[in-house]
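Reader: I am new to this structure. Please take a close look at one part, the salt bridges, and go through it step by step.

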Amino acid sequence: MAVFFESKTISSSSATSEVFPFNSRRILGVIVPSAWTDADITFEIEYPSGTWVKVVDRAGALYKLSGNATSSSEFHLVSGDANQGDILITGPGDGRVVSTNTGSEANINQGADREVVVVLSDID
């Protein structure tokens, strides 16, 4: 299995990262920097028409990586639970990472430029 790293910036006062191409790959996880405005991580997938949609689980809930620490860099693994089973996040277009409020699930802006690293692998 080949692993790929896409470093993308969430600009200051923004909640969404620069886009990254899927290129027949899936998301394994995200590396979050030590300086991080407290927020969950969610994902958006682009339709070929340029429309962005949120990634949700089988129950229709927003899929998110939570518990992002703000004192050290961490790798947050995409994985499933009872509602999600095996997770495969990919798309026909591009993807992006979104900084999301834990309670309200609204986008939350980062307080400075933040570099996140999206870890991807080939789809087997």
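Author: Lys64 has a relative accessible area of 28%, so the residue is partly exposed; the scale calls a residue buried under 20% relative accessible area, exposed over 50% and partly exposed in between, with a 1.4 Å probe and protein chains only. The model is predicted, so local features need pLDDT of at least 70 and side-chain atom pairs count only at pLDDT 80 or more, while totals for chains, interfaces and linings use all residues. Residues are numbered from 1 along each chain as its sequence is written, and side-chain values use heavy atoms, with hydrogens and water left out.

The partner of Lys64 in a salt bridge is Asp40, with 3.8 Å between the closest N and O atoms. Such a bridge needs a side-chain nitrogen of Lys or Arg within 4 Å of a carboxyl oxygen of Asp or Glu. This pair links distant parts of the chain, since Lys64 lies in strand β6 (residues 64–65) and Asp40 in strand β4 (residues 40–46), 24 residues apart. Strands here are DSSP runs (E, at least two residues), and helices are runs of H or I with at least four, numbered from the N terminus. Asp40 has 2% relative accessibility and therefore counts as buried.

By this rule, the count of salt bridges comes to six. One of them joins Arg25 to Glu6, and the closest N and O atoms are 3.2 Å apart. Because Arg25 is in strand β3 (residues 25–32) and Glu6 in strand β1, the pair ties together parts that are 19 residues apart in sequence. Both ends count as buried: Arg25 has 6% relative accessibility, and Glu6 has 16%.

Another salt bridge runs between Glu44 and Lys54, again with 3.2 Å between the closest N and O atoms. It links distant parts of the chain, with Glu44 in strand β4 and Lys54 in strand β5 (residues 52–54), ten residues apart. Glu44 is buried at 8% relative accessibility, whereas Lys54 is partly exposed at 33%.

Some bridges also share partners: Glu6, Lys8 and Arg25 are joined in this way into one network. Lys8 is also among the residues that Val19 touches, along with Trp52, Asp94, Gly95 and Arg96, leaving aside residues up to four places away in sequence. Touching here means heavy atoms within 4.5 Å. Val19 itself sits in the loop between β1 (3–10) and β2 (20–21), and with 38% relative accessibility it counts as partly exposed.
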